[in-house]
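Please open the model in your viewer and colour it by chain.

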Number of protein chains: 2
Amino acid sequence: MYDTLITGGHLLTMQGDGVGFIRDGAVAIEGKEIVAVGPRDEVDSDAREIIDATDRLVMPGLVDAHMHSSAVLGRGWAQEVETWMASAYAPMLRHSNPAHAPLGTLLALIEGVMNGTTTFGDYNRPMNDLIQSHLQMGSRGVLCNGISALNWANREQWIAQGWQPGDPTPLDEETFQRTFQAEKQLHDEWDGHDDGRIKIIFGPHAADFLSREMLLEIQAEAQRRGALMHLHVAQDPRENNATLERYGLRAIPFLDSIGLLGPDLIAVHLSTATDEEVDLVAERGARMVCCSNSIGIIDGVMPPIARFKEHGGVAGLGSDQAPGNNSHNIFSEMRATAMYAKIAATSPLPMPAWSTLRSATIEGATVLGIGDRVGSLEVGKEADLIMLDLTQPPLLPVLLEPARNLVPNLVYAETGRNVTLSMVAGNIIYRDGHFANVDVAQVHRDVTAASAELQAATVDDELALGTPIVRLTRDGKI
Amino acid sequence: MYDTLITGGHLLTMQGDGVGFIRDGAVAIEGKEIVAVGPRDEVDSDAREIIDATDRLVMPGLVDAHMHSSAVLGRGWAQEVETWMASAYAPMLRHSNPAHAPLGTLLALIEGVMNGTTTFGDYNRPMNDLIQSHLQMGSRGVLCNGISALNWANREQWIAQGWQPGDPTPLDEETFQRTFQAEKQLHDEWDGHDDGRIKIIFGPHAADFLSREMLLEIQAEAQRRGALMHLHVAQDPRENNATLERYGLRAIPFLDSIGLLGPDLIAVHLSTATDEEVDLVAERGARMVCCSNSIGIIDGVMPPIARFKEHGGVAGLGSDQAPGNNSHNIFSEMRATAMYAKIAATSPLPMPAWSTLRSATIEGATVLGIGDRVGSLEVGKEADLIMLDLTQPPLLPVLLEPARNLVPNLVYAETGRNVTLSMVAGNIIYRDGHFANVDVAQVHRDVTAASAELQAATVDDELALGTPIVRLTRDGKI
């Protein structure tokens with residue numbers, strides 16, 4: 001007798017090299033594991049709990065492979081601006097309150113889970129505190145604290161020494177040691193927690209925010225622990241300028257020259273990479289995360305995911321941060337990724353729906369190093385899955401023969417609204433608008449207070465910088 | 001005593017040249033008309049029905065300025081294809097059943113209304129039948145039947161005479177007369193129906209599907225009746241080829257040469273227009289509709305709405321058709337329009353949130369010739385408005401001072417899910433997931449049957465044409 005049987009829905013198992021469609025299928029679960037998956041009449045019907053999936057689609061939970069969860073407290077703060085980091089995002093981050101961070105993370109997870117995400121690749125400080133939100137929600141986390149030698153608190157001092165925005169930022173050994181130490185502690189304490197639901201990886205920030213020696217030290221430590229590295233790569237012209245000045249190479253060739261481009265690297269963004277650099281990252285076997293909405297709103301750029309995948313690379317999708325995106329919704333990322341790739345290429349063909357859906361599921365899981373455990377509905381894998389209502393727009397009508405429209409409509413039309421159930425490791429964490437482990441009304445109240453406090457703390461910086469959102473507000477434009 | 005008072009929410013009135021934000025406001029309604037709007041303490045609180053808008057945003061209903069509603073029966077049928085019309089959309093249209101068309105329209109209206117649209121610029125045949133769905137839903141319609149001299153039924157005959165896909169299509173006088181007559185009848189019978197909730201305009205299809213004389217005859221008739229013209233303009237290279245061959249001019253210069261480019265023209269798409277042609281259309285005072293998701297998926301092209309607006313043009317947004325889009329959701333169109341414009345220009349600045357929101361509301365209404373009656377919350381206008389929940393992602397948190405994040409989050413994050421109420425001409429047509437006048441469960445059953453029938457009728461054509469969706473299905477990719 002199974003613990004749970006989900007029966008009568010259509011399945012997208014994501015097995016094989018397509019989407020693994022099964023009409024009128026069933027998924028059986030024991031403990032956290034999938035023990036049977038197939039057409040309904042090939043799966044035993046004896047279970048303690050039977051979930052009727054008639055008129056439902058059952059598929060793997062979505063993977064958000066790169067996000068900065070707690071920044072959601074400043075959602076909608078940072079857009080319509082040419083210098084996003086300097087003029088919009090950094091002024092806020094500088095005043096963010098570590099005590100509020102777990103609250104922001106909880107809100108980001110609420111948004112993700114209600115919209116079908118079950119795994120979060122969260123890159124965020126102070127992770128030792130905000131991991132509590134991941135534990136509470138019951139979602140899967142592949143987490144890091146972030147390691148950096150950048151200390152914005154020294155900015156006035158740099159300026160006194162002649163530093164200007166766009167220049168390479170001075171590196172601070174103490175900041176590096178402190179954040180590196182925090183990452184190691186995080187790994188010691190939490191890696192493998194809750195039977196593997198929480199996994200800790202290492203997060204060197206970027207090639208310009210760490211020295212060669214620091215990067216190599218992090219790599220050695222990560223390898224010793226068997227942990228992946230989660231690194232922003234080619235995210236900004238500033239990064240290329242810094243590595244050129246310090247080592248005579250652009251960021252990607254520099255990373256390659258010190259042996260960092262390899263299968264244990266998660267390379268996020270690649271937005272300033274040349275074609276040859278994209279190909280090099282793919283050839284080295286590093287994994288990519290594409291944050292389409294974030295990089296689109298920040299730079300007006302579509303990252304090179306289509307080229308990366310055509311060259312054999314494995315790529316996932318990420319929501320990045322809500323001040324600049326402005327959401328944590330992988331359905332939005334799917335539509336954006338498929339469509340921006342077409343607009344950037346002036347062709348309807350790049351990033352077809354099936355490839356985009358694979359990036360949001362099995363490829364995203366593979367990028368985070370858990371593709372052997374989740375990302376597809378397969379016997380022996382853990383039961384991370386979602387159900388969607390097929391009786392409502394935009395998934396209605398459902399066509400099955402001779403052509404199916406489910407995958408195109410999931411990618412080009414669905415927004416997350418039709419998600420009715422979300423399960424992680426066999427546990428239902430969301431069903432019909434209700435969260436198993438979170439009081440959303442309380443989060444609403446707490447978040448409202450915390451955001452107001454954050455904004456009040458940031459006001460002076462915003463006014464001094466002429467942050468566009470302040471001017472637009474005064475002009476009655478927003 | 002008012003009939004209805006909506007009180008305690010934040011308002012985006014869309015008055016003036018921005019978004020007309022009012023904190024803690026109220027809207028009072030008598031009959032179909034707004035009789036007071038302003039801060040709560042400046043509006044009387046005496047009303048038969050009081051709607052508590054605490055933690056809600058109140059704003060004008062969205063305008064879908066161009067759609068082909070009934071085609072939603074083939075949602076998700078047509079993408080990942082270089083020749084969308086010939087290989088994907090036309091095979092389906094050819095077999096569409098006029099008896100099913102009102103059902104498709106009803107489904108499209110359900111999707112639009114649940115996602116905040118209150119006005120639909122529906123371009124669709126046979127409008128004399130499917131207008132019943134607009135009447136039933138209670139939404140506002142600016143409708144046309146479409147006039148064309150193209151008869152796809154003659155296609156085999158053209159081919160026998162040497163015609164090839166991409167060639168100008170032969171014009172059929174009888175088809176023109178029949179569709180023109182239907183449009184006049186539609187206008188006779190329905191224009192101004194239900195105290196103006198239904199408005200009929202004239203829909204010449206495109207410069208290549210009608211001769212010069214036909215276009216001028218339609219224009220004369222429309223002017224006699226005081227009706228706008230709703231015309232696809234510069235939508236396809238084929239159109240330029242046809243007018244070049246027939247009249248020695250590309251489509252837009254040709255239309256200008258016969259006096260069609262003027263304030264009574266709604267010019268849809270402009271996707272193949274040169275910069276100079278875009279400027280010319282704006283200078284002539286014609287209105288534009290931009291269908292970002294549709295043109296993006298069909299051609300990988302972003303229409304020139306940013307340039308058109310910078311040159312003083314008034315532009316609305318449209319969802320076009322669901323086989324190629326794949327939804328009827330103006331929140332999706334807002335995000336797409338703002339983001340595709342940035343990706344196409346490699347800059348974060350084109351189509352800022354406030355301008356995009358204006359195109360979805362007051363400018364969309366102006367495009368359809370009803371900007372004096374709806375599109376903003378203003379005393380004397382009709383009460384077409386929506387409410388959105390501010391206690392849930394992606395509209396949480398709400399920041400108010402010194403900068404507001406509501407408009408960026410509406411445009412860049414909201415999907416329509418947070419819409420809790422929709423009102424047209426003072427009547428509530430949707431509230432908390434329920435439609436006043438439509439049985440959604442019945443529509444689900446009927447649509448499922450009709451779509452299956454449509455697909456069965458189309459199978460042979462699809463197989464003969466090698467429609468990509470059939471191949472992708474067989475390959476297990478979708």
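Select Lys342(A) and Glu80(B): the two form a salt bridge, with their closest N and O atoms 3.7 Å apart. A salt bridge here is a side-chain nitrogen of Lys or Arg within 4 Å of a carboxyl oxygen of Asp or Glu. Across the interface of chain B and chain A, this rule finds 4 salt bridges.

The model is predicted: local features need pLDDT of at least 70, side-chain atom pairs count only at pLDDT 80 or more, and totals for chains, interfaces and linings use all residues. Residues are numbered from 1 along each chain as its sequence is written, chains are lettered from A and ligands numbered from 1 in the order in which they are written, and side-chain values use heavy atoms, with hydrogens and water left out.

Next, select the whole boundary. In chain B, 84 residues are in contact (heavy atoms within 4.5 Å) with 84 residues of chain A. The two chains bury about 7,000 Å² between them, 61% of it on carbon and sulfur atoms; buried area is the accessible area (1.4 Å probe) that two parts lose on being put together, summed over both. Within chain B, highlight Ile343(B), Arg417(B) and Lys477(B), which lose the most area to chain A, together 11% of what that side buries.

Finally, superpose the chains. A rotation of 180° with 0.0 Å of shift along its axis places chain B on chain A (RMSD 0.0 Å), by least squares on the C-alpha atoms of residues with pLDDT of at least 70 in both. The two copies are thus related as by a two-fold rotation axis. Both copies use the same surface, as 100% of the contact residues of chain B recur in chain A.
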